[in-house]
Amino acid sequence: MYTHATDAGWISRSHQAIAPFRLVRPASIEEALEAAAEENASFIAGGIDLVRRMRGGDRWQTLVDISGLSEMKVTSDEGDHLRIGALTSHWEIETGELIRKRLPNLQAAWRTIGNVRIRMAGTLGGNILAREAGYDGLVLLGVMGAELVFVTSSGEAVVIAGTGAPLPDRPALLTSVRIPISADTGLAFDRSLKPVVSVAVCKSGDTATVGVGCAFNSPRYSTIRQGEDAQSISSHFPDAIDNPMGGAAYRSRMVGVLAARMLAGGNGL
Ligand SMILES: Cc1cc2nc3c(=O)[nH]c(=O)nc-3n(C[C@H](O)[C@H](O)[C@H](O)COP(=O)(O)OP(=O)(O)OC[C@H]3O[C@@H](n4cnc5c(N)ncnc54)[C@H](O)[C@@H]3O)c2cc1C
């Protein structure tokens, strides 16, 4: 049976033949944007999500294969930020030397994503732009205040993850993610209750940002200060999804439990 993730739940969809499409392989970001501006076009990177959706019946007239755009595969040290190209695979994040040196906690958390096949083919950009509530990328990047750098036909657009600002509509191309680096910042991630709930905590000074995945239609964030009861973070969030996988009250309670556990001495904080 074929399953497709949506709204942090799992539903079955019929397996179908992929509808015909036109494949475009742009040689530059400009060419990619031009091709994606056509009607019913989509970018494709590693193809994991997109091909699953096409097998489930979604159709695109044109697929713009961005996997050859080498400038979107680069990781660079910018001093107070690390810039990671949107085409960087999960595996490259897991093993990248620069990421190990500058953001070891993020690397450790990223290592838990998917299985080896997914980590080899799936990309950072695809994880974010798949816009799936159960995915971990935005939960982690949101608590760290990462900048999502898009290029659109009218220029660059930067979205700060974790602020609730909407991601730009297609055909915006995510080219890289800039992650702040600070010596006093710690990061911890607990996904042991996925797909019911996942929680990331980023602590900087006396403030901790808590990010919640799976429990809402998109990741949610809030902050808590040192000395506050960490479990009370649950009350900062709206009602959680209530479905057979997990009730809203249980999800809400577990947000506080996991956040408090990490703040009391979780790895990386
Ligand atoms: C079995 C399985 C287990 C998984 N487990 C996890 C998990 O534990 N945690 C987790 O976080 N994720 C998990 N995933 C999701 C996985 O991380 C994503 O499927 C993967 O990262 C998607 O990347 P891709 O390059 O293949 O995206 P694609 O399928 O190529 O694209 C996905 C979407 O993003 C758009 N897109 C891609 N790149 C860009 C870009 N640079 N700019 C603009 N739009 C873009 C495409 O148009 C498409 O709409 C799992 C997936 C599977 C199938």
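Where is Asn40 found? Asn40 is found in the loop between α1 (29-36) and β4; helices (H or I, at least four residues) and strands (E, at least two) are DSSP runs, numbered from the N terminus. Although it is not a glycine, Asn40 has a positive phi of about 55°. For background, most residues other than glycine have a negative phi, and most peptide bonds are trans.

A word on the model itself. It is a predicted one, in which local features need pLDDT of at least 70 and side-chain atom pairs count only at pLDDT 80 or more, while totals for chains, interfaces and linings use all residues. Residues are numbered from 1 along each chain as its sequence is written.

Overall, the protein has nine helices and 14 strands. Its C-alpha atoms fill a box of roughly 55 × 45 × 35 Å, taken along the principal axes. The chain is divided into domain 1 (3-61), domain 2 (72-180) and domain 3 (185-263), with bounds that come from an automatic or database domain assignment.

Now to the ligand. It is surrounded by 26 residues, and the closest are Gly46, Gly122, Gly125, Gly126 and Leu129; a residue is near a molecule if its C-beta atom, placed from the backbone, lies within 6 Å of it. The elements that give two or more residues to this shell are β4 (41-44), α2 (48-55), α6 (116-121), α7 (124-129) and β10 (173-180). Of these, α7 gives the most, with four residues. Domain 1 and domain 2 each supply at least three residues to the shell. By class, the shell divides into 14 nonpolar, ten polar and two charged residues, where Ala, Val, Leu, Ile, Met, Phe, Trp, Tyr, Cys and Pro count as nonpolar, Asp, Glu, Lys and Arg as charged, and the others, Gly among them, as polar.

Domain 2 also meets domain 3. Their C-alpha centres lie 21 Å apart, and 14 residues of domain 2 are in contact with 20 residues of domain 3 (C-beta atoms, placed from the backbone, within 7 Å). On the domain 2 side, α5 (104-110) and α8 (137-143) are the elements that give two or more residues. The most come from α8, with five. That side has eight nonpolar, five polar and one charged residues.

Finally, there is an open sheet of four strands in the order β11-β12-β13-β14, with antiparallel pairing; two strands pair if DSSP finds at least two bridges between them. The edge strands, each pairing on one side only, are β11 (185-190) and β14 (220-225). From one strand to the next, the twist averages 20°. Strands β12 (residues 198-204) and β13 (residues 207-213) run antiparallel and are joined by seven bridges. Ala200 has Gly211 in β13 as its bridge partner. Helix α9 (residues 248-263) packs on the sheet, touching β11, β12 and β13, and its direction makes about 40° with that of β12. Axes here are lines fitted to C-alpha atoms, for helices over the stretch in contact, and angles run from 0 to 180 degrees between N-to-C directions.

Terms used:
Two residues are in contact if their C-beta atoms, placed from the backbone, lie within 7 Å.
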